[in-house]
Amino acid sequence: MSGIKRPRRQRAGRYTVLMLGLAATGLVYAAVTGAGGAASAATPGGPSPADIAQGKAIFADTCSSCHGMNAQGTAAGPSLMGVGAAAVDFQMSTGRMPGKDFDAEMPRKPVTFTTEQIHQVAAYISFLGGGPAIPSAAMVDPAGADLALGQQLFITNCAQCHNFAGAGGALTYGKYAPALTHSTPTQIYEAMLTGPEAMPVFSDTTVTPAQKRDIIAHITTVRAEPNPGGFSLGRVGPVTEGLVAFLGGIAFLVFVAIWITMKRREA
Amino acid sequence: MHGSGEQFPPGDGAEELPESRAPHRVIGTPPPARARTLLEAPPQEDRRPERWLPAEPSNLDQAKRAERLVAALFILSMLASIGFVAAYVGLEVHSVVATQRSNLALGVSMSVAFGALAVGVVIWVRYLMPKVELTEERKPLASSPKDRAEFDKDFTEGAEASGFVKRPLLRRTLIAASVPLAVAPLVILRDLGPLPGTSLRHTVWRKGLRLLVFGPNTPLRPADFAIPGQMITVVPDGYQDNLDALAKAATIIIKFGPGQLRPPTVMNWTVDGIVAYSKICTHVGCPVALYEQTTHNILCPCHQSTFDATRGAKVIFGPAARPLPQLPLGTDAEGFLVATSDYHEPVGPSFWERG
C-alpha cells in the first residue's frame, strides 16, 4: 500500500489555519480549566469556528488522501458526509483511523491524536454533513442502568458476533467482531449509533439512548467479573475450558501413569 | 517380499521357530496338548513356578530415604485429614465469602490427604518393593466336570420340586402376570408424544401481529427504522414471554437502501426496504443474526452457513440447504410494522415429512 500522500497546499493558508487553531486551543483550554475541568471538554456548547478550522487542517493533513479533500470519499475511502461526530470519534479514539494497513478490517491500535484534536476533526465532519453527535458523559454512564434489559438486548442483538461475554468473534472473509474488553462506554455507544465497518446500525429510534446505556452497563459489568481460577481462557465458554482440561489434564495423567509403571533397573 | 520367500522357504520356518507359531493342524483332528485353550483343560497338578523374591532392595540407602519420605507423606496425609475435619467443623458457611473460604479449605485439605497418600504408595511401590517379573498362568474358565454335574443335578431337582412342569395353572398364571409388566414401559414411552402433527409448519405469526423489538418490547414504525444498515431482532406482539412460541417465531428485520434488494426477495413482503427473515437457521436451528452491513451477509455462528440478505437470504456458503424464510410485512392503521401472514414455508431445520 502506498503511503499517505501529502496534498500540495498554500503555505500561507496553512500557517494561518495553524495559528488560528493554536489560538483557539489556548482559549478553549483556558475556558475549560477555568470551569474546573469538565469531563467532556469539546461537546458542551457546540464547537467554535476555530475548532472546525483546526479540525479541517488535521483532516487535510491526515485523512484527505483517502477520504478526499472535502470528505467526499475516494476509491480508497468512503465519503464521510453525514457520518457525524460520533463516527469520527469512534474511529479515531480507538486508533482505527488514520488507517495504516488496509486489510479485511481496521484493527484497534494506539491512538495518534489527543482527544481535543479528535473532537476538532469530529466538529469539522459534523459541520460538513451533520450526523449523530458524540454522546455526553451522562448518556453513557452505566450507573443505575437496567442490567437485565441490557443483558437481554445484548444477548439478542450483539452476542452473536461479539460473544456472550464480549470476547469478540469471527465474521466472513477475514472480518471479525472485535472484543469489547477495552472499549470505553462512549465508544460502545458510538459504535451502536453509527455501525462502524460491518456492524449494523442501532439507531436511537430502535434502541433508545436509555437502552443503549443498559447495554453498556451489561458489557462493563460482565467484563469486570472476576475469573474463577485466575485464567479467563478467552472467556469463550466451556469449549476452551474443556479443551484445556483435556489436553493439559490428560497429558499430565498420562505422564504420571508412565512414570508409575516405568521399570526400574535392578542394579 | 519375493526375496524373503527365498530366504525362508515354506516349511522350514515352522521348524526353526517352533515357539512363536502355532503348529499346523488338520481340521477334525483333536488339538495337540500344547494348544492354548481355555476350555476343557485336562486336570493338572499345581505347577506354579517357584517364586524368588529378593529379601532386600538393591540400594539400601535409597530405600532408607524412600522409607522416610513415604512415612512423611503418610503423616502429611493424616494431618490433612484432621485438617479437613477441623475445617468442616470450624469454618462458618453462612455467607457467600465464608462459603468460598470453607470450600477452599475443604478442597485443599482433601486434595492433600488423598494426594499425599497416593504419592506415598507410589513411592513405596517403586523404591521399596522388589522389581522382578512374575508369570502367572491363566486358569481354565470352565468349571470342573464334577461341579457341572452337581449343578445339573441341583437344577433338575429344583425344577421337579417346584412343580413348574407338573402344575400348568401356576405356570400359565405366572406367564400371564409377567406379560403386562413387560408391556408397561411401552405405555410410559407413549408419553414421549404426541407426534408434532403440523406444528412444525407454522409459527405464531399471523396477519396483523405487530413486530416488537425483543427486550423493551416496543413496536416499530418504518420511520423508526429508516437508516440503511439497521438490524434488530423482533418478536410477535403478545408472545414476547412465550419461549416455546419464540423458538420458531424469532425474526430479524434489516433495513436496505433503495435498489439494494433484488429477487428472489419478495418485494411485496417488504416495507420501505425493510425485510424480515426467520432468525432460525435452516441447517440445525441456531439463531442466525450475524448481519454484516457492508456485505449484507447473514452468517450463522454454529456452522458458518452464509445467507445473502439482499437476495432473499439465499445460501451462498455453508451446510444450510434452504434460504431463511421471509416473513410478509405490512403496516397497520397506526403505521406500525405488522406481519401480513405467517411464514409461507416451515422455519428452521429440515424434518422428515417436510419434503
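Residues are numbered from 1 along each chain as its sequence is written, while chains are lettered from A and ligands numbered from 1 in the order in which they are written. Because the model is predicted, local features need pLDDT of at least 70 and side-chain atom pairs count only at pLDDT 80 or more, whereas totals for chains, interfaces and linings use all residues.

Followed along the sequence, the pattern is α-α-α-α-α-α-α-β-β-α-α-α. Chain A has 267 residues, of which 35% are buried (20 or more other C-beta atoms, placed from the backbone, lie within 10 Å of the residue's own).

Next, select the residues where the chains meet: 26 from chain A and 30 from chain B (two residues are in contact if their C-beta atoms, placed from the backbone, lie within 7 Å). On the chain A side, highlight helix 6 (147–157) and helix 7 (159–162), each of which supplies at least two residues. Helix 6 of chain A gives the largest share of that side, five residues.

The mean for chain B is 84, and 85% of its residues reach 70 or more. Residues 1–20 of chain B, however, have pLDDT below 50; beyond near neighbours in sequence, this stretch has four contacts in the model.

Note on methods. pLDDT is the predictor's confidence in each residue, from 0 to 100. Helices (H or I, at least four residues) and strands (E, at least two) are DSSP runs, numbered from the N terminus. A residue is buried if 20 or more other C-beta atoms lie within 10 Å of its own, exposed if 12 or fewer, and partly exposed in between; C-beta atoms are placed from the backbone.
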